Amino acid sequence: MKAQNGWLLLLAGTLVVGSVLIGSHRKGAEFAGSDGQAMEIVAAIQPGYQPWFRFVWEPPTEIASGLFALQAALGAGVLGYYLGFRRGRARSRQQDRVDAGH
Amino acid sequence: MHIAEGFLPPLHAAAWTAISLPFVIFSARRVTRLMHDQPQTKLLLAASGAFAFVLSALKLPSVTGSCSHATGAGLGAILFGPSVMALLGTIVLLFQALLLAHGGLTTLGANVFSMAIVGPWVAYGLLRGTQNLNAPLAVSVFLAAMLGDMATYTVTAGQLALAFPDPASGVAGSFIKFIGVFAPTQLPLAVVEGLLTVVIVNFLREYSSDELQRLKFLPEILTAEARL
């Protein structure tokens, strides 16, 4: 399990880093969101289209990046708590078994 | 990528909301029942939701020079069954629509349909299908999570194409334009999502086997010692 996971994580990391390297060699690469590009296609197909509903609340750019970080932190926090809790419990059970054996 | 606020005409927005709503209600009831019947799995459910939360917050760069994010919806679908993800995905999408101006309330129904309904069902179907073909579990999980992610973006392209058919080439021509933007950007990200989902499932099989056995869903697949 450990070896396989190590390789998988390395591969995932390589893919992301590789994507930046390959992507930034492209002309006009700004790493804009693909959602924005899709909306540009909408504008090309139907030039007159105006969104008929505005965001209830739109955070200023700097605040938005913080909120994205908050979302990631909340997710990573809960996930990390679970994984750590589980691993710790499995370890201590293993230890108990070793102790009981003596 | 989610369809931005106001970018689906009112009729389309209403139709997708009407289609998604029953799935979300059913999902909420499933989750309530799951919490009641198997309170021990609460933490694992929270962790599956958290996985979707992290992955959909991270805008990752792609080879195309633009960026997008994964969905993280495959893991929960593999562990708890696809219907549970409709609720979890809706929570993620609501958070982003209300606080991050990403996605939107009028397009929530359409985005829930692609990310929280179709993606998880495709992932689940692929897991089942490839397991029936005796594929190694890691391969099954990888394909399920990766293609579930791609399915989400394919549906999004379809939804946009239906709303904005090309004047010359119609819905099909428009679909090709949208998928042409999404697919190349999404592909490497979907591979990353597939790899990370395998990592988590490997971990669970090692350290959470008691919890996996309690899941009514596919315990025989996830806890089988023979295939890794």
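Two strands pair if DSSP finds at least two bridges between them. Keep that rule at hand for the first exercise. The model is predicted.

**Exercise 1. Find which strand of chain A pairs with E2(B), and in which sense.**

Step 1. Go to strand E1 of chain A, residues 32-33.
Step 2. Count its bridges to E2(B): there are two. The rule asks for at least two, so E1 of chain A and E2(B) pair.
Step 3. Read the sense. It is parallel.
Step 4. Pick out one bridge. A:Gly33 has B:Cys67 as its partner in E2(B).

**Exercise 2. Work out the strand order of the open sheet and name its edge strands.**

Step 1. Three strands make up the open sheet.
Step 2. Write the order: E1(A)-E2(B)-E1(B). The pairing is mixed.
Step 3. Look for strands that pair on one side only. These are E1 of chain A and E1 of chain B, the edge strands.

**Exercise 3. Describe the side of chain B that touches chain A.**

Step 1. Take the contact counts. Chain B brings 56 residues, and they meet 52 residues of chain A.
Step 2. List the elements of chain B that each give at least two residues to this side: helix H2 (42-57), strand E1 (60-61), strand E2 (66-68), helix H4 (82-99) and H7.
Step 3. Find the largest share. H7(B) supplies it, with 17 residues.
Step 4. Sort this side of chain B by class. It has 38 nonpolar, 13 polar and five charged residues.

**Exercise 4. Decide whether chain A is spread out or a compact globule.**

Step 1. List the elements. Chain A has three helices and one strand. Along the sequence they run α-β-α-α.
Step 2. The C-alpha trace covers about 80 × 35 × 25 Å along its principal axes.
Step 3. Of the 102 residues in chain A, 13% are buried.

**Exercise 5. Explore the largest nonpolar core, then follow B:Leu160.**

Step 1. The core has 90 residues. Among the members that touch the most others are B:Phe51, B:Val112 and B:Leu160.
Step 2. Helix H7 (residues 170-207) of chain B gives the core its largest share, 16 residues.
Step 3. Set aside residues up to four places away in sequence. B:Leu160 then touches A:Ala38, A:Val42, B:Ile3 and B:Phe178.
Step 4. In soluble globular proteins, nonpolar side chains tend to be buried together.

Methods. Residues are numbered from 1 along each chain as its sequence is written. Chains are lettered from A and ligands numbered from 1 in the order in which they are written. This is a predicted model: local features need pLDDT of at least 70, side-chain atom pairs count only at pLDDT 80 or more; totals for chains, interfaces and linings use all residues. A nonpolar core is a set of buried Ala, Val, Leu, Ile, Met, Phe, Trp, Tyr and Cys residues joined through C-beta atoms within 7 Å. A residue is buried if 20 or more other C-beta atoms lie within 10 Å of its own, exposed if 12 or fewer, and partly exposed in between; C-beta atoms are placed from the backbone. Helices (H or I, at least four residues) and strands (E, at least two) are DSSP runs, numbered from the N terminus. Two residues are in contact if their C-beta atoms, placed from the backbone, lie within 7 Å. Ala, Val, Leu, Ile, Met, Phe, Trp, Tyr, Cys and Pro count as nonpolar, Asp, Glu, Lys and Arg as charged, and the others, Gly among them, as polar. The radius of gyration is taken over C-alpha atoms; the globule rule is 2.2 Å times the number of residues to the power 0.38.
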